[in-house]
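Have a look at the fold below before reading on. We'll walk through it piece by piece, starting with how the strands line up.

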Amino acid sequence: MAVSPVEFAEARQAIEAINAEFAWLIDHRDGAGVESLFTHDGIYDMSNRVFRGRHQIKGFYDARKSRGRRAARHVFSNLHLTMEQPDRATGTTILTLYASDGEPPYPAQATLIADYDDVYVRDETRRWHYESRVIVPAFGAVPVLTKQAAQP
């Protein structure tokens, strides 16, 4: 089912906003609330661990925060979006990650450059969520930020 150019533009704007909110919550709120951007059974595949459902995603960010001070800036760019249906889209965006543990000053070099392959769905309230996010590293590797992997 095709979507109109106006519907596509509206969906793209909303999806870019959810990607920006994802980065903001991680970079400025230690990940608090990231789980609400996913569907209830959403999947977050970090290439070295997979988290299923909001409970596991929240648990990951709680564990990450408990490690101590970490500064990060998740810079998302170049969204390539495909509307599969009016309420379902797939997209790939590039992440350039700057991150470091401990106290500043931090090195000004990228830790990771990766693709985020996403599936977005819109719920009955017309709000977009991640059904899945899969990190595909291109340069560097996804940092290991918790001691245990989530259970499949």
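Which residue in strand 6 does Ile-43 stand opposite? Keep in mind that this is a predicted model. The residue facing Ile-43 is Ser-132. That pair belongs to the region where strand 1 (residues 38-45) and strand 6 (residues 128-139) run parallel, joined by four bridges.

Strand 6 also pairs with strand 5 (residues 112-122), this time in the antiparallel sense and over ten bridges. Pick out Asp-118 and you'll find Arg-133 as its bridge partner in strand 6. The two strands form a hairpin with five residues between them, and in that turn Arg-126 has a positive phi of about 75 degrees.

Now for helix 2. This helix has 14 residues and reaches 20 Å from first C-alpha to last, close to the 20 Å expected. Its buried residues are Gly-53, Ile-57, Phe-60, Tyr-61 and Arg-64. They sit on the same side of helix 2 because they cover an arc of only 125 degrees around the axis. Turn to the other side and His-55, Lys-65 and Ser-66 are exposed. The cover over the buried residues includes helix 1, strand 1, strand 2 and strand 3. Just past the end of helix 2, Gly-68 takes a positive phi of about 115 degrees.

Tyr-61 turns up again in the largest nonpolar core, which has 34 residues. Along with Phe-22, Val-34, Tyr-44 and Tyr-120, Tyr-61 touches the most other members. Elements that each supply at least two residues of this core include helix 2, strand 1, strand 5 and strand 6, but the largest share, seven residues, comes from helix 1.

Terms used
Residues numbered from 1 in each chain as written. Predicted model: local features only at pLDDT ≥ 70, side-chain atom pairs only at ≥ 80, totals over all residues. Heavy atoms only, no water. Pairing = 2+ DSSP bridges. Core = buried A, V, L, I, M, F, W, Y, C linked by side-chain atoms within 4.5 Å. Buried < 20%, exposed > 50% of the residue type's maximum accessible area, 1.4 Å probe, protein only. Expected span 1.5 Å × (residues − 1). Arc of directions from axis to C-beta. Contact = heavy atoms within 4.5 Å.
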